[in-house]
Every structure is written in structure tokens, then in C-alpha cells.
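Have the structure open as you read.

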Amino acid sequence: MIGYRVKSLREERKMSISELSTKSGVAKSYISSLERNLQTNPTILVLEKIARILCIKVDALLNEQADKGMDEEWMVILQDLMTAGISKEEMREFILDRK
């Protein structure tokens, strides 16, 4: 179940296993095993790393309904911001400065 969710969410974001591995710090072989349901008991740390890169909460990996609500374009924008190294605090300052 978790592996299916990881694969589905990764593919929705047009991300390869290699890209998810590099960005999350989780081994490519581990992600592959997870997605093929060979690895069925990932640690919370692994789930947190994967969820962060997929711009979702850990709950969304555990429960399909938890991922409803954020549209794809916003997820891509958030991923780009994270990749660029922009922190939540910097974004909050930017938003507050614009008001």
C-alpha cells in the first residue's frame, strides 16, 4: 500500500526514482523495493524524507485521502522553492512584505 502511494505520487509529479532518491537521500534501490512492495515496513524517517520531497504530509503516504486538496501546480511551485533553498520563513517574509 505505501509503496503504491509513493510510486503514484512520484509519477504524478513526473519524478524519476533517481530524482526522488537524490533529493530525499533515500537509496534508489530502497525506493524501488518500496514501490514494488518488497519493502513493506519503512521507518518514519524514510517516510518523512520521501514525503518532504513529494510536498505532502506523511499521512498522505499512509492514507490516500490525506493527499487531497493541493493542486499539482502549487506542488510543483513548492518543490521548486525547496530545491532553490528558499525557507518557509523567507516565503512568509515575502508574503508579509507584499501586503
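K23 is partly exposed, with a relative accessible area of 29%. In this predicted model, K23 forms a salt bridge with E19, and their closest N and O atoms are 3.0 Å apart. The two residues sit 4 residues apart in helix α2 (residues 17–24), about one turn of the helix. E19 is partly exposed as well, with a relative accessible area of 29%.

K23 is also in contact with Q79, a residue of helix α6 (residues 72–83). Beyond its neighbours within four places in sequence, Q79 touches I53, L54 and C55 too. Is Q79 buried or exposed? Its relative accessibility is 10%, under the 20% cut-off, so Q79 counts as buried.

## The other salt bridges

How many salt bridges does the structure hold? There are 3. One of them joins the side chains of R10 and E35, at 2.6 Å from N to O. This pair links distant parts of the chain, 25 residues apart: R10 belongs to helix α1 (residues 2–12) and E35 to helix α3 (residues 28–35). R10 is buried at 7% relative accessible area, and E35 is buried at 9%.

R13 and E12 also meet through their side chains in a salt bridge, at 3.6 Å from N to O. Here R13 is buried, with a relative accessible area of 12%, while E12 is partly exposed at 38%.

Definitions and conventions: Residues numbered from 1 in each chain as written. Predicted model: local features only at pLDDT ≥ 70, side-chain atom pairs only at ≥ 80, totals over all residues. Heavy atoms only, no water. Buried < 20%, exposed > 50% of the residue type's maximum accessible area, 1.4 Å probe, protein only. Contact = heavy atoms within 4.5 Å. Salt bridge = Lys/Arg side-chain N within 4 Å of Asp/Glu carboxyl O.
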